[in-house]
Amino acid sequence: MASKISVTTRSGDPAETAADTRVIGLAEGIDCAVEPVAKLVQSGELKATFKRVGVAHAHGVRYIAVGLGKPEDFTAERARVAAAIACGRASELGAKSLSWQLPEIGDGATTAGAIVEGTLLKAYKFDRFKSKSGETDDEGDDKNGVESLEIACGEADVAESTAAAAIAAVAVNRARDLQNLPSNVATPSYLADRAAEIAATHENVEFDIHDRAWIENKKMGAFSAVAKGTAEEPRLIVIRYSHPDATGPTLGFVGKAVTFDTGGISLKPSAKMEEMKFDMSGGAAVLEATAAIAELGLPINLISVVPSTENMPSGTATKPGDIVTAYNGKTIEIDNTDAEGRLILADALSYCVELGAERVINLATLTGAIVIALGSTYAGHFSNDDDWYAQVLAASDTTGELGHRLPLHQEFADLIKGKYADITNAPAARKGSSITAAEFLKHFVGDTPWVHVDIAGTAWDMNRPYVGNGASGFGVRMLIELARAHGA
Ligand code: BES
Ligand code: MN
Ligand code: ZN
């Protein structure tokens with residue numbers, strides 16, 4: 001469950017806090033004025049090296065000091081990491097309330113937001129299926145962990161960035177809940193119910209939920225082909241957020257939400273197949289980013305489309321070699337039923353553009369090859385438009401949800417030409433297979449500026465200090481930042 005940590009800011013003297021624990025960031029070459037921490041540093045017990053951490057006590061207050069490294073190397077990402085390290089130590093010590101003294105290096109508003117993110121993301125737990133009773137978790141720490149975070153900001157004005165960061169971090173943790181839920185709970189209908197809830201709790205949000213009959217009647221042949229094998233009802237989820245003072249082109253967010261990917265008739269091997277409950281991570285990120293954008297009231301227009309289904313083998317399943325017609329009229333040879341993400345995205349992308357999206361971004365756990373190429377450090381970025389791509393790259397750099405752009409090229413486009421139909425979903429040669437997947441998607445956006453983000457390596461087990469194992473909620477903060485910058 002996403003733990004609820006209350007987040008506040010307090011001006012004035014940082015020493016006058018009611019919190020049980022004060023957190024102090026140490027920068028190399030800058031003397032620390034907070035007495036018990038200064039003593040730790042002078043004694044040589046604690047260095048200001050990035051990620052070092054020490055604990056001191058004085059006058060009934062606990063101090064956690066964390067190294068920030070050299071001032072010139074300080075970034076928002078370092079603040080997130082330092083905050084996560086401090087929060088981890090605080091939980092071990094049984095701390096309930098933290099007062100983080102805003103460091104004097106870096107931009108105050110940015111650092112305050114990053115501290116909030118690092119703390120709330122680190123404190124996330126998913127334990128709703130653990131029936132073990134008692135006060136402690138598996139590590140012997142208090143189950144409830146840290147309950148409040150105060151940014152002691154002195155005279156700096158950081159209230160707005162702090163509040164916005166809290167909204168974003170809570171949205172990331174909600175996306176992580178959706179990801180971590182098993183496929184027998186987080187079904188396409190469950191995700192659709194979440195969309196309805198988002199629309200009911202926020203202003204300027206409308207939604208449409210489409211079922212199997214609608215998807216088939218609409219002649220979304222690519223999406224239908226994936227859903228054919230499962231008894232679980234598929235859903236095409238559409239959320240529109242329209243702000244009365246919106247400026248700029250209408251954005252389109254599209255997220256792959258395969259709630260379980262067995263591979264279909266092209267069945268996956270059983271090792272690690274349980275991880276394929278995470279194959280809805282792109283959709284989860286789009287849903288919760290949309291919710292946060294509405295909560296923040298950002299002045300933009302947004303159309304979010306989440307195609308959701310299971311990918312199962314069965315007597316009704318699509319078979320390798322089957323040919324279908326996509327919503328935009330292109331014919332597709334389905335040569336591998338495990339390349340299902342691009343099929344549901346094909347119809348969702350054309351539909352999103354048809355609904356009026358003028359700048360499109362999609363998030364998808366699309367290819368195993370991207371994990372080999374970029375690990376969990378970078379997502380794969382692909383685009384048909386340099387200007388729109390520059391906006392996406394700026395957003396991902398800001399939030400630390402990094403991406404590396406890979407090329408599109410006619411030679412890759414040639415690889416997905418079909419033998420019997422217009423295109424194939426799985427070329428025989430595995431050359432550049434993350435790129436050929438992107439070339440496939442490109443067929444469904446026309447001339448609309450579009451970015452595809454392949455999050456197969458970053459959606460879970462990222463091993464960042466603030467998002468360890470399990471779901472990472474990757475992309476939620478980036479989408480929110482993209483919308484914020486777009487509306488600014
Ligand atoms: N959901 C998978 C991609 C994936 C694999 C994500 C491992 C995370 C970890 C996707 O649907 C898939 O199966 N892709 C195939 C495509 C191939 C059959 C052309 C792949 O990458 O092997
Ligand atoms: Mn697959
Ligand atoms: Zn998949």
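Is C153 buried or exposed? C153 is buried, with a relative accessible area of 10%; buried means under 20% relative accessible area, exposed over 50% and partly exposed in between (1.4 Å probe, protein chains only).

This is a predicted model, in which local features need pLDDT of at least 70, side-chain atom pairs count only at pLDDT 80 or more, and totals for chains, interfaces and linings use all residues. Residues are numbered from 1 along each chain as its sequence is written, chains are lettered from A and ligands numbered from 1 in the order in which they are written, and side-chain values use heavy atoms, with hydrogens and water left out.

**View 1. Cysteines without a disulfide partner.** The whole structure holds zero disulfides (a disulfide is a pair of cysteine sulfur atoms within 2.5 Å). C153 is in none; its nearest cysteine sulfur, that of C32, is 18 Å away. C352 is buried, at 0% relative accessibility.

View 2. Six strands form an open sheet in the order 1-6-5-2-4-3, with mixed pairing. Strands pair if DSSP finds at least two bridges between them. Strands (E, at least two residues) and helices (H or I, at least four) are DSSP runs, numbered from the N terminus. Strand 1 (6-11) and strand 3 (53-58) are the edges, each pairing on one side only. From one strand to the next, the twist averages 25 degrees. Axes are lines fitted to C-alpha atoms, for helices over the stretch in contact, and angles run from 0 to 180 degrees between N-to-C directions.

View 3. Strand 5 (residues 97-101) and strand 6 (residues 148-154) run parallel and are joined by five bridges. S99 has E150 as its bridge partner in strand 6. Helix 2 (residues 76-93) packs on the sheet and touches strand 2 (21-27), strand 3, strand 4 (61-69) and strand 5. Contact means heavy atoms within 4.5 Å. The direction of helix 2 makes about 150 degrees with that of strand 4. Helix 3 (residues 108-122) also packs on the sheet, touching strand 1, strand 5 and strand 6. Its direction makes about 165 degrees with that of strand 6.

**View 4. The manganese site.** D261 (OD), D338 (O), D338 (OD) and E340 (OE) coordinate the manganese ion (ligand 2) at 2.0 to 2.2 Å. Donors are N, O and S atoms within 2.8 Å of the metal (3.2 Å for Na, K and Ca); water is not among the atoms, so sites may look incomplete. The six donor atoms make angles of 71 to 166 degrees, and the site is irregular. Four donors count as tetrahedral if all angles lie between 85 and 135 degrees; four count as square planar and six as octahedral if opposite donors are over 155 degrees apart and all others between 65 and 115; anything else is irregular. The donor spacing is D-x76-D-x1-E. D338 is partly exposed, at 22%. E340 is buried, at 0%.

View 5. The zinc ion (ligand 3) is coordinated by K256 (NZ), D261 (OD), D279 (OD) and E340 (OE), at 2.0 to 2.4 Å. Its six donor atoms subtend angles of 77 to 173 degrees, so the arrangement is octahedral. Along the chain the donors follow K-x4-D-x17-D-x60-E. D261 bridges the zinc ion and the manganese ion (ligand 2), which lie 3.2 Å apart.

View 6. Four bridges join strand 12 to strand 13, and the two run antiparallel. I323 stands opposite E333 in strand 13.
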